[in-house]
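Visitor: I would like to learn how to read this model, feature by feature. Where do we begin?

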Amino acid sequence: MTSRIDWVRSNCRLLRAIAEDFARTRPFRELTIGTGIHLEPKTVALLLTLKDGGARVISTGNLNSTQPEAVEYLRANGVEVVGERTTDEGEHDRYLRSVLKAEPELILDNGGDLFARYLEDPYERVLGGTEETTSGRMRLARLRSRLARPILVINDSPIKQFAENRHAVGQSVLESFVRITNRATNGRNVLVFGYGSVGKGIAASFRNGYASVAVIERDPVLRLEASFDGFQVTERDAGLKTAEIVITATGEEGVVTEADLDVLRDRVVLINAGHFPAEIAVERIAADPRVARRQDGPEGVTTFVLSDGRAIHLLAGGHMVNLGGPRPLGNSIESMDLGFALQARCLEAVARGRTSPDDVVVPVPSSINATVAEAFLELYR
Ligand SMILES: NC(=O)c1ccc[n+]([C@@H]2O[C@H](COP(=O)([O-])OP(=O)(O)OC[C@H]3O[C@@H](n4cnc5c(N)ncnc54)[C@H](O)[C@@H]3O)[C@@H](O)[C@H]2O)c1
């Protein structure tokens, strides 16, 4: 039977074409690429594409999202994988540091984890690399003067913004809610925190699922945009009081906390779509004296039963919902093929010295966006 990883690899048409190109041009010959990224079928396709370009690839996962089959497949195909799935931050930290011990010339970062640790113990031969996420860009932008190497931020490509963050995350968060809870969205009150690309896609997808969607956003211009897009723009407490599904997509910590326990509705479902598992303050909620007991299960669901009898359901332990719960699929193959094609072409540009030393934490060059867009339109016709 065809495995999911083989299915994904055969459907990543951009990466397949790039792998063929790299096999001829070998841009990473004699270079090591180090990464800490969600290890799942689509990243397998990316890491093997880089390997086809001649790289030694050494990788660990991100917190809680590593899929054992992906690790096994990578190891069988010559990628060095450090560690295994963990929710323990200390253990994860040790895995990341082991990746850096290989002193990779190129770093493919996800959340700024590797570049931040690289600065604690820098080594000369690092050429630069890429950063995948918004959260990582915010973290690394503050360290620009010390990093002083080209680092291209994939997240800041318009392609990544609309194809993955908006369309694909919106669809996969909806898919995850339905898959994990087996409940309908029709007619439900949904409250989305954050109206950046991710929040926009989530709000639109749940509306397409016949839910009634309200948005809470700090930025007044984005609140106006949400209103123009036809969503209710509500005050925090009023929104939380009526919401049956609450979704965070802000990149910030402590967006929903124990301070909200008094206003949350019975049977509310709390979901985080942001990168770090801190948008919902899970530990603080669990430790609150109003929580009488905690129930785990079914897979992907934790329920906090309050002393007044209300039940608060939390999906995927507050980790990114589209990579949690039973049989997580993550974002669509097309969106990840696009994002990872940008990754591969950006790492190639850094390896080949086609970037300037001033390109420290900057968006993907427009020439690479254009190349990838044209290739997608051609290959997916
Ligand atoms: N689940 C996934 O597969 C996936 C994919 C891409 C990005 N992400 C993550 O999703 C998060 C959001 O990404 P984005 O690209 O939309 O970011 P963004 O910065 O464009 O948007 C976040 C929005 O949240 C708003 N905000 C911040 N704190 C808030 C608060 N307390 N209340 C209300 N609004 C608040 C900000 O004003 C901003 O407009 C990031 O953590 C990113 O890494 C997840």
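Guide: With burial. Buried means under 20% relative accessible area, exposed means over 50%, and partly exposed lies in between, with a 1.4 Å probe and protein chains only. C12 is buried, with a relative accessible area of 1%. The model is predicted, so local features need pLDDT of at least 70 and side-chain atom pairs count only at pLDDT 80 or more, while totals for chains, interfaces and linings use all residues. Residues are numbered from 1 along each chain as its sequence is written, and side-chain values use heavy atoms, with hydrogens and water left out.

Visitor: How many disulfides does the structure hold?

Guide: A disulfide is a pair of cysteine sulfur atoms within 2.5 Å. The structure holds zero. C12 is in no disulfide, and the nearest cysteine sulfur, that of C346, is 17 Å away.

Visitor: How do I read a nonpolar core?

Guide: Start with the general idea. In soluble globular proteins, nonpolar side chains tend to be buried together. A nonpolar core is a set of buried Ala, Val, Leu, Ile, Met, Phe, Trp, Tyr and Cys residues joined through side-chain atoms within 4.5 Å. Here the largest one has 49 residues. F28, L39, L50, L74, L106 and V372 have the most contacts inside it.

Visitor: Which elements each supply at least two residues of this core?

Guide: Helices and strands are DSSP runs, numbered from the N terminus: helices are H or I with at least four residues, strands are E with at least two. The suppliers are α1 (4–11), α2 (13–25), α3 (41–52), α4 (68–76), β4 (106–109), α9, α14 (333–351) and α15 (366–379). α14 gives the most, with 12 residues.

Visitor: Where is F28 placed, and is it buried or exposed?

Guide: F28 sits in the loop between α2 and β1. At 0% relative accessibility, F28 counts as buried. F28 and D52 are 24 residues apart in sequence, and their C-alpha atoms are 8.7 Å apart.

Visitor: What does a comparison of sequence and space give for L46 and A19?

Guide: L46 is found in helix α3. L46 is buried, at 0% relative accessible area. L46 and A19 are 27 residues apart in sequence and 9.0 Å apart in space, C-alpha to C-alpha. Now take I159, in helix α9. I159 is buried too, with a relative accessible area of 6%. I159 and E103 are 56 residues apart in sequence and 31 Å apart in space, C-alpha to C-alpha.

Visitor: Now the backbone. Which residues have a positive phi although they are not glycine?

Guide: Among them are R26, with a phi of about 45°, and R327, also with a phi of about 45°. R26 lies in the loop between α2 and β1 (32–36). R26 is partly exposed, with a relative accessible area of 36%. R327 is in the loop between β14 (311–315) and α14. At 55% relative accessibility, R327 counts as exposed.

Visitor: Is the peptide bond from G297 to P298 cis or trans?

Guide: It is cis, with omega near 0°. P298 lies in the loop between β12 (291–296) and β13 (301–306).

Visitor: Last, the ligand. How many residues surround the ligand?

Guide: A residue is near a molecule if one of its heavy atoms lies within 4 Å of it. The ligand is surrounded by 24 residues, and the closest are V198, E217, A273, H275 and N322. By class, the shell has eight nonpolar, 12 polar and four charged residues. Ala, Val, Leu, Ile, Met, Phe, Trp, Tyr, Cys and Pro count as nonpolar, Asp, Glu, Lys and Arg as charged, and the others, Gly among them, as polar.

Visitor: Which polar atoms lie by an oxygen atom of the ligand?

Guide: A polar contact is a pair of N or O atoms within 3.5 Å. A polar backbone atom of V198 is 3.0 Å from a ligand oxygen. A polar side-chain atom of S135 lies 3.2 Å from an oxygen atom of the ligand. For N331, a polar side-chain atom is 3.2 Å from a ligand oxygen.

Visitor: How much of the ligand's accessible area does the protein cover?

Guide: Accessible areas come from the Shrake-Rupley method with a 1.4 Å probe. The protein covers 85% of the 860 Å² that the ligand has on its own. α7 (134–141), α9 (158–181) and α10 (197–208) are the elements that give two or more residues to the shell. α9 gives the most, with three residues.

Note on methods: A polar contact is a pair of N or O atoms within 3.5 Å; within protein, one must be able to donate a hydrogen and the other to accept it, and residues adjacent in sequence count only if both atoms are side-chain atoms.
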